[in-house]
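Work through the exercises below with the sequence and the model at hand. Each task is followed by a solution in steps.

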Amino acid sequence: RLERYLVMATEGHVVPVIILTKTDLVSTDVLEQLITEIRDAGITARVIALSNVTGAGLNQVKESMGCGKTYCLVGSSGVGKSTLINQLRGDDTLRTQTVSTSGEGRHTTVRRQLFVLEQGAMLIDTPGMREVGILAVNDGMDDNFYDIHDLALQCRFTNCGHGNERGCAVLQAIKEGALHLERYQNYVKLKTESEINENLNSHKSNKNRPSGRGTHHVKKRMSKS
């Protein structure tokens, strides 16, 4: 899910920042382990550890937001997006709720809303996302999976599918332990999903496009009138 958010942000030419919320619920060792896992996955985006309870990390968030620039919070329900905005504004403008008994977030925010903060930055709050779909994200994929992209340039064949081809540098890196298998599987899954969705979208566009014959017929009738 985190990789999906990063690909989506990069494709939209947005600089992503990862905010790990509710850090007061874990020990320092666990938090460091989580950050290490993010780095080991090849994710290089800036990470800010935040607690809306203790206020730890809040100043880092504030300092990362510049006057006149627009920012947007995206994430699952219950991660603390609205609470963070209340902290940044110093009031209780947005209604918040505790998570459900199952641990899932409640959809407190039901619309997108833009706020102008004291330092002049603009921040958009969004409803929690249940799913993040991927569509036509070639640049986002290459930037966020830069390690696989660089390895692919070393493959024996330029059209290597990184499946079972001979001389595949990506598969060789997995075999040697230089590339995590899970990261490669996530890459394949997202790339395949993007291509499928792009083809479906293209098919719908072509289906709704008027044919040349029909367009000519309309033009002919208009000229007579």
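## Exercise 1: salt bridges

A search of the whole structure finds 2 salt bridges, a salt bridge being a side-chain nitrogen of Lys or Arg within 4 Å of a carboxyl oxygen of Asp or Glu. The model is predicted: local features need pLDDT of at least 70, side-chain atom pairs count only at pLDDT 80 or more, and totals for chains, interfaces and linings use all residues. Residues are numbered from 1 along each chain as its sequence is written, and side-chain values use heavy atoms, with hydrogens and water left out.

Step 1. Helices are DSSP runs of H or I with at least four residues, and strands are runs of E with at least two, numbered from the N terminus.

Task: describe the salt bridge between Asp147 and Arg183, then the network.

Step 1. The N to O distance between the side chains of Asp147 and Arg183 is 2.8 Å.
Step 2. Asp147 belongs to helix 6 (residues 146-152), 36 residues from Arg183 in helix 8.
Step 3. Shared partners join Glu3, Asp147 and Arg183 into one network.

## Exercise 2: helix 4

Task: state which residues of helix 4 are buried, and what follows the helix.

Step 1. In helix 4 (residues 81-89), the buried residues include Leu84, Ile85 and Leu88; buried means under 20% relative accessible area with a 1.4 Å probe, protein chains only.
Step 2. Gly90 follows helix 4 and has a positive phi, near 75°.

Notes. Buried < 20%, exposed > 50% of the residue type's maximum accessible area, 1.4 Å probe, protein only.
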